[in-house]
Amino acid sequence: MIQIKNIHKSYINGQNNLHVLKGIDLDIEQGEMISIMGPSGSGKSTLLNILGILDNYDEGEYMLDGKKIQHLNERKAALLRNRMLGFVFQSFNLVSFKNAMENVALPLYYQKINRRKRNRIALEYLDKLGLRDWAHHLPSELSGGQKQRVAIARALITQPKVILADEPTGALDSITSQEMMDLLTEINKSGITMIIVTHEHDIARRTQKTIRIIDGSIQEIVENEAGSTKFEVRTQVQSTKYEVASAPSCKHYEKVA
Ligand SMILES: Nc1ncnc2c1ncn2[C@@H]1O[C@H](COP(=O)(O)OP(=O)(O)O)[C@@H](O)[C@H]1O
Ligand SMILES: [Mg+2]
């Protein structure tokens, strides 16, 4: 799904040239769930932004789903992002004056789908994530976990092949973080390739592989036990419903029919 070879990236600030990525090679197969770990400033977000076609690279090669990603103009990049990729961020990045449904529907606006249809589809995705009752609430009325689930619904609505998540649990408490990983794992099982940047071991160990980056280079790639199961790849994400099953002391997501 993703092949990068010898990727280099520098930022130029005035006189200073900051060499952030120093020859990254990475091969990510369709349906894999991997994590990227490393100290703050090691280049994790820079790498994720390049994978997400949000930023350019200086040297090397990037193939996404068999297509060479290089020197794309913004229109082409936006088109590919909208068709192929879903994004999840630490700070949720929801539009504060739009309700949950409108936030989820936003990517379909860029596909020029009419309001009625995109809101209907958005409601279906909110329903899958157990948030139908919150559809008309503003982000400020939602908990952190709920906001991140809205962001995940927004990422899923275009049926991406890859989800890129930059510290998706960074603003959540540990229980909500693990629930978020349950959810991302379920989504991965539906066949979507999942790339998660994190600096938490409890999050990384739940992915199949951890890429450790130090100072712009890959230091090692660790296979995690939890992720060793090779999941059956299905493509029918639409038929999957994720529900919040609440019990007094434990909450988890269950996949129903
Ligand atoms: N747009 C930018 N312009 C200049 N320097 C940047 C920019 N983005 C990131 N950097 C610098 O590049 C380095 C790597 O940043 P980043 O990829 O965000 O690291 P991480 O996500 O691992 O914490 C840091 O030193 C950061 O300050
Ligand atoms: Mg970062």
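Strands here are DSSP runs of E with at least two residues, helices are runs of H or I with at least four, and both are numbered from the N terminus. Two strands pair if DSSP finds at least two bridges between them.

## Ground rules

This is a predicted model, where local features need pLDDT of at least 70 and side-chain atom pairs count only at pLDDT 80 or more, while totals for chains, interfaces and linings use all residues. Residues are numbered from 1 along each chain as its sequence is written, with chains lettered from A and ligands numbered from 1 in the order in which they are written.

Picture an open sheet of four strands, ordered 2-1-4-5, with antiparallel pairing. Strand 2 (16-28) and strand 5 (67-68) sit at the edges with a single partner strand each, so one side of each has no neighbour in the sheet.

Strand 1 (residues 2-13) and strand 4 (residues 59-64) run antiparallel and are joined by five bridges. Opposite lysine 5 you'll find glutamate 61 in strand 4.

## Around ligand 1

Which residues are around ligand 1? Counting a residue as near when its C-beta atom, placed from the backbone, lies within 6 Å of the molecule, they are Tyr11, Asn13, Leu18, Val20, Gly38, Ser40, Gly41, Ser42, Gly43, Lys44, Ser45 and Thr46.

By class, the shell has three nonpolar, eight polar and one charged. Here Ala, Val, Leu, Ile, Met, Phe, Trp, Tyr, Cys and Pro count as nonpolar, Asp, Glu, Lys and Arg as charged, and the others, Gly among them, as polar.

For the angles, axes are lines fitted to C-alpha atoms, for helices over the stretch in contact, and angles run from 0 to 180 degrees between N-to-C directions. Angles under 35 degrees are roughly parallel, over 145 roughly antiparallel, 65 to 115 roughly perpendicular, and the rest oblique.

Helix 3 (residues 100-109) and helix 4 (residues 115-128) have axes that come within 8 Å and cross at roughly 120°, which means helix 3 is oblique to helix 4. Residues in contact (C-beta atoms, placed from the backbone, within 7 Å) include Met101 and Leu108 of helix 3 and Ile121 and Leu126 of helix 4. This contact has 11 nonpolar, one polar and one charged residues.

With helix 5 (residues 144-156), helix 3 packs at about 30°, the axes 7 Å apart, so helix 3 is roughly parallel to helix 5. Ala100, Asn103, Val104, Leu106 and Pro107 of helix 3 meet Val150, Ala153 and Arg154 of helix 5.

Methods. Two residues are in contact if their C-beta atoms, placed from the backbone, lie within 7 Å.
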